[in-house]
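Please take a moment to look over the model shown here before reading on. The paragraphs that follow lead through its parts step by step.

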Amino acid sequence: ISITIGFLRKTLHTSAVPVIIMQGITLMYPAIITLTLAWTLGNLLSHDLHTGEYLAQLFTGTFPIPFMPVLFYCSALTIAMVLGSSWATVAIVTPLVLPLLMPMLNLHAPLTIAQIPLLLPTFGAVFSGAVTGDHLSPVSDTTIMAASSAGTPTMTHARTQFTYGYIF
């Protein structure tokens, strides 16, 4: 659409199109690779290794079920801080929520949302933890870009973000 608009406004020449496309691919390549690898790992954990069921066996009877959102929040926050990507964290952790909660609550498919009262708070905790961890991570692309655009060292900017992270 942008190329068409550029042609219509006569601000874009045919010879510039391949250069613009290659610049776009180069710009998005790291994000696409990260998300692809995160989705692959998420599928591997969920479907091949059955990590959710394994964790449910470990936690059943040893961890209070009402605290599952807290556990997932802390896990997502830690993973996002290490990875520096909230999207990759969500892709890895989200497939574990339902397989972990169903055996712990002794539920079987098909289910309705009303049957799993902790489902939405747990998903919310995953998303919140992922975004908070990404915000606090010194290796996050947003932290690096914000620091470089402000002209400050990355670690200085990352330290200032911990104030916001403590607010939760």
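Helices (H or I, at least four residues) and strands (E, at least two) are taken as DSSP runs and numbered from the N terminus. This is a predicted model, in which local features need pLDDT of at least 70 and side-chain atom pairs count only at pLDDT 80 or more, while totals for chains, interfaces and linings use all residues. Residues are numbered from 1 along each chain as its sequence is written, and side-chain values use heavy atoms, with hydrogens and water left out.

Just after α5, Asn 106 takes a positive phi of about 60°.

How much of α5 is covered? Of its 20 residues, 14 are buried, which leaves the helix mostly covered; buried means under 20% relative accessible area, exposed over 50%, and partly exposed in between, with a 1.4 Å probe and protein chains only. Thr 89, which lies in α5, counts as buried because its relative accessibility is 0%, and its side chain reaches the backbone nitrogen of Ala 80 at 3.4 Å. Pro 95, also placed in α5, counts as partly exposed because its relative accessibility is 23%. The C-alpha atoms of Pro 95 and Asn 43 are separated by 7.4 Å, although these residues are 52 apart along the chain.

Next come the helices that pack with α5. For these, axes are lines fitted to C-alpha atoms, for helices over the stretch in contact, and angles run from 0 to 180 degrees between N-to-C directions. The axes of helix α3 (residues 51-59) and α5 come within 7 Å and cross at roughly 40°, which makes α3 oblique to α5. Angles under 35 degrees count as roughly parallel, over 145 as roughly antiparallel, 65 to 115 as roughly perpendicular and the rest as oblique. Helix α6 (residues 119-136) packs with α5 at an angle of about 155°, with the axes 9 Å apart, and α5 and α6 are therefore roughly antiparallel to each other.

Helix α4 (residues 68-83) also packs with α6, at an angle of about 30° and with the axes 7 Å apart, so α4 and α6 are roughly parallel to each other.

Two further residues complete the tour. Lys 10, found in the loop between α1 (2-8) and α2 (17-48), has a positive phi near 60° and counts as exposed at 70% relative accessibility. Thr 163, in helix α8 (residues 154-167), is exposed with a relative accessible area of 51%.

Key: Polar contact = N/O pair within 3.5 Å; in protein donor to acceptor, adjacent residues only side chain to side chain.
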